[in-house]
Amino acid sequence: MTNTYASTYTDVLIIGSGGAGLTLALKLADLYRVTILSKLTTDESNTRYAQGGISAVFDDSDSIDSHIQDTLKTGEGLCDPDIVTLTVKQGRESIDWLINQGVSFTHDTDHGSDSPRLHLNREGGHTHRRIVHAADATGQSVISTLIERAQEHANITLLEHYNAIDLVTVKSRQFPKGQVTGAYALDSQNNTVIPISARVVVLATGGANKVYLYTSNPDIATGDGLSLAWRAGCRIANMEFMQFHPTCLYHPDARSFLISEAIRGEGAKLLLPNGDPFMHLFDQREELAPRDIVARAIDHQIKKYGIDFVYLDISHKSPAFIKRHFPNIYQQCLKFNIDITTQKIPVVPAAHYTCGGIVTDSTSKTDISGLYAIGEVACTGLHGANRMASNSLLECFVFANQAAESILRELPNKTIPKTIPPWDESQVAKSNEEVVIAHNWDEIRRVMWDYVGIVRSDKRLSRAHERINLLKAEIHEYYSDFTITSDLLELRNLVIVAELIILSAQQRKESRGLHYNQDYPEQDNRTPPQNTILSPKHYASAFIKND
Ligand SMILES: Cc1cc2nc3c(=O)[nH]c(=O)nc-3n(C[C@H](O)[C@H](O)[C@H](O)COP(=O)(O)OP(=O)(O)OC[C@H]3O[C@@H](n4cnc5c(N)ncnc54)[C@H](O)[C@@H]3O)c2cc1C
């Protein structure tokens, strides 16, 4: 893959090479030059680690309406019904497109080994089997295929280890909120900053779950796109709705390994250390209740009994079934001496998915002209107060497609922007105290886990806000004084994400979906439910003072 970059112009700059970014690139590259930035390697993204699959209506007994209703119910009154309908209707088409790219999904062997029928899993919140998957490593299969297709395309440039620092925008009478003209990116292997101008810029940077101490996400998930967009003037919505996956492997040597919900879909039970099941005490759907309910139930039991984890048990299924359906989970657990065909799996909840994000419309446009946002970084209105399992990959493909159609309409009328001035480093020095970065990273993640986690309260939120404000001022000062590194850029973004989550959580005076505040344990149904929308201009004074 290319690692030196001379040109400073591209038609479309896509920041992020997950499922959303790669899909969009492939849909534009026959006509336009596309450059994709990846913070690490091209294949390192949340998409790569997706296990369960992609939701779409294929089963004869299922229907588009049923998928829509399940999504709306899980989203607890905050989904945008038009966006849900648009997304669900494109399910089949998205899967067909992936199959045409070469993704090999698991087929239903019950209907013969050459069966053309896709095997469908069932997951929490879904009333039917509708999860299309590639065994239990769907993301790996999707991402490797899309990267292969992108590498074959002459119009796509893949730049690895390029960390986008900030967007460049200009304001004019025609575009009072600003028009994007490109971005600055740190080439972290050569320690140089490259200005890249583009007619269209797309944020496809994924989620922000590294803001929590325990997460299922890889290191790239530091919410960079959210912070870039916020600094550039975009609205951000619903950041209080952070999804905690109920079942991550609990083992001192296992780093964020997820035990897919599909295991519960196949009848696995959650058990206390003494072997007692407990989900029936919390929800009549038991293990198949939506994730927030299962995560809160586990959190409750862990705190009540002072235990470190609970167990998940799939050993009632035959070893052959387990190895065929969950080969990746079986192998990973075996590495830690847990044979899931005979033994229970120790599990804990961990931060998993960012439901909120940059406010976008049905064509993936943001508030800034020429700037799009797709995938987990965007808030389209699909998930509302809670994401239903396997709807997020679907959202990546559908909104990459929506963006592609809009960009193809828009680009012929867009002029090539002026060259962006070089990055100015004349006022900063090399840091002699990098410990500040490591310390502040840890502190933010610990504060967020302890005070802004699965169960919140007003007191915990204001405590967190005070600490995050202090950290923000300190990080800003550090950023102003010293040369940038990838860790510093991520830290600067992470502290903004933390603040956005806290501000959103403080605004919601009720418990709804993924947001649970013990001072307001019920939903407030006196008025229609509202999205929490933060606008940079409302926070301008605090924001400018500290950042
Ligand atoms: C363990 C796990 C399992 C999951 N299972 C499922 C599932 O079964 N079904 C489902 O629907 N969803 C699942 N999800 C969620 C789903 O995988 C993600 O929502 C989805 O993959 C997000 O895709 P994306 O393209 O938006 O972002 P990502 O795939 O996260 O890609 C983000 C990209 O942005 C780049 N990037 C970030 N910041 C910068 C920067 N500053 N500069 C340059 N590049 C940057 C990264 O390098 C990366 O290439 C799972 C998530 C995890 C973590």
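**Figure 1. Helix H9 and the lining of the largest cavity.** In this predicted model, helix H9 (291-305) contributes 3 residues to the lining of the largest cavity, the most of any element. Helices (H or I, at least four residues) and strands (E, at least two) are DSSP runs, numbered from the N terminus. A cavity is a set of points, on a 1 Å grid over the protein atoms alone, where a 1.4 Å probe fits but cannot get out, and its lining residues have an atom within 4 Å of a point. Strand E11 (242-249) also supplies at least two lining residues. The complete lining comprises Met242, Phe244, Asp292, Ala295, Arg296, Ile454 and Leu514. By class, 5 of these are nonpolar, none polar and 2 charged; Ala, Val, Leu, Ile, Met, Phe, Trp, Tyr, Cys and Pro count as nonpolar, Asp, Glu, Lys and Arg as charged, and the others, Gly among them, as polar. Residues are numbered from 1 along each chain as its sequence is written, and side-chain values use heavy atoms, without hydrogens or water. Because the model is predicted, local features need pLDDT of at least 70 and side-chain atom pairs count only at pLDDT 80 or more, whereas totals for chains, interfaces and linings use all residues.

**Figure 2. The second largest cavity.** This cavity has a volume of about 40 Å³ and is one of 4 cavities of 30 Å³ or more in the structure. Its lining includes Asn238, Cys355, His383 and Glu395. The lining divides into 4 nonpolar, 5 polar and 1 charged residues.

**Figure 3. The second largest pocket.** A pocket is an open set of grid points with protein on both sides within 12 Å along at least five of seven lines. The lining has 16 nonpolar, 5 polar and 10 charged residues.

**Figure 4. The salt bridge between domain 1 and domain 2.** An automatic or database domain assignment gives domain 1 (10-203 + 222-234 + 367-413) and domain 2 (245-352). Between these domains the count is 1 salt bridge, defined as a side-chain nitrogen of Lys or Arg within 4 Å of a carboxyl oxygen of Asp or Glu. Arg129 forms a salt bridge with Glu266, with 3.4 Å between the closest N and O atoms.

Notes:
Points joined across faces, edges and corners; volume = space filled by probe spheres on them.
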